[in-house]
Amino acid sequence: PIDVSIENVVKAFDDTPALHGVSLDVKAGELVALLGPSGSGKTTLLRILAGLDAPTSGRVLFDGSDALGLPVQDRNIGFVFQHYALFRHMTVFDNIAFGLTVRPRASRPPKAEIRKRVLHLLDLVQLGGLEKRYPAQLSGGQRQRVALARALAIEPRVLLLDEPFGALDAQVRKDLRRWLREIHDRTGHTTFFVTHDQEEALELADRVVVMSKGRIEQVGTADEIYDQPASPFVFSFIGESSLLPVTLVDGQIQLDGRPVGLAAPQGQSGTATLGFRPHDIAIVQDGGPAISGQIIAERRHGARRRLELHVGAEAHRAEIDVPADQGRQIGSQVAFRPNHWRIFPA
Ligand code: ADP
Ligand code: MG
């Protein structure tokens with residue numbers, strides 16, 4: 001495995017930039033998830049790492065030396081994409097062997113060596129015995145495992161996985177996620193895993209890179225991203241959330257000029273955004289300071305009920321959860337305080 005450094009990479013399509021100066025250092029053997037909504041630039045970044053696209057400016061270093069000058073075939077990159085790119089007319093065996101058999105004679109391993117490597121990989125991806133099948137005779141999850149074995153067959157310096165499980169159903173995805181982590185721990189490739197699914201990213205990766213609109217919003221471990229989100233965007237992208245505009249006055253959080261019973265962070269004042277999780281609140285019935293809102297909708301939400309509220313003079317939207325047997329009238333008022341919250345200075 002190798003270190004990968006991305007230095008101030010900009011990619012402009014026509015005049016709208018898809019990447020605005022992205023910098024990221026990934027250590028040899030690390031598994032990082034690129035997490036962001038559709039259109040945030042994840043695939044663009046992977047294509048640049050692969051050499052399929054050139055950046056408008058910036059540098060990519062593999063183990064400290066410039067990678068952008070290297071032609072695609074010399075970068076030795078393993079790829080897996082969302083839509084299985086297996087060759088339909090080839091067996092599983094030939095699909096996995098493909099990257100080796102097309103090498104120039106000088107660097108092509110002998111046939112017996114290729115066979116040994118393919119059978120070993122088949123075991124690794126738990127498809128031993130299926131080498132004579134064709135892709136049409138496999139499930140979606142099995143095809144993605146073949147695609148991964150094919151990417152690993154070339155002993156890549158870097159593994160790039162672009163929403164590899166995105167087209168599969170939820171249970172298969174969960175299984176493959178755990179399985180991919182095990183494979184990674186055994187093979188140790190420097191890996192970039194693209195996903196728009198926060199649960200997948202937080203569970204799988206050593207570090208998560210949260211992207212939005214062509215920029216990196218935050219890089220951190222799952223705990224850092226979850227416990228210390230750097231922005232309202234990160235806070236709301238990694239879990240259900242409500243965000244309200246507040247002011248910090250005299251050590252108090254105020255909404256519409258009235259304290260809501262929450263302390264402001266030490267030394268902060270002025271306008272800010274308050275973030276909390278709908279499930280992590282307490283209903284306030286004693287008339288004390290609280291956030292109050294009018295219920296505009298309610299629905300069953302897992303084991304609880306989710307109330308949708310209009311809060312404050314400007315009717316900002318917020319959501320809170322209450323026990324399932326505590327249904328409430330639409331139009332009535334409810335007061336609550338978050339148990340935990342974050343303040344993001346404006
Ligand atoms: P993601 O993979 O995070 O969904 P992409 O990297 O595919 O995002 O796209 C980022 C932005 O770049 C989007 O606005 C997209 O429309 C734009 N884009 C991507 N590829 C091209 C292209 N070949 N030509 C023009 N615009 C592109
Ligand atoms: Mg994409």
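Which handedness does the crossing of α5 and α6 have? The model toured here is predicted, with local features requiring pLDDT of at least 70, side-chain atom pairs counting only at pLDDT 80 or more, and totals for chains, interfaces and linings using all residues. Residues are numbered from 1 along each chain as its sequence is written, while chains are lettered from A and ligands numbered from 1 in the order in which they are written.

Select helix α5 (residues 140-153) together with helix α6 (residues 170-187), whose axes come within 11 Å and cross at roughly 20 degrees; helices here are DSSP runs of H or I with at least four residues, numbered from the N terminus, and axes are lines fitted to C-alpha atoms over the stretch in contact, with angles running from 0 to 180 degrees between N-to-C directions. The crossing is right-handed, that is, the near helix is turned clockwise from the far one by less than a right angle. Now show G140, G141, Q144 and L152 of α5 with V172, L176 and T187 of α6, which make the contact, where two residues count if their C-beta atoms, placed from the backbone, lie within 7 Å.

Next, select ligand 1 and the residues around it, F13, A18, G36, S38, G39, S40, G41, K42, T43 and T44, each with its C-beta atom, placed from the backbone, within 6 Å of the ligand. Helix α1 (residues 42-50) gives the most to this shell, with three residues.

Finally, colour domain 1 (4-236) and domain 2 (242-345) separately, the bounds coming from an automatic or database domain assignment. Their centres, taken over C-alpha atoms, are separated by 40 Å, and five residues of domain 1 are in contact with five residues of domain 2.

Terms used: Helices (H or I, at least four residues) and strands (E, at least two) are DSSP runs, numbered from the N terminus.
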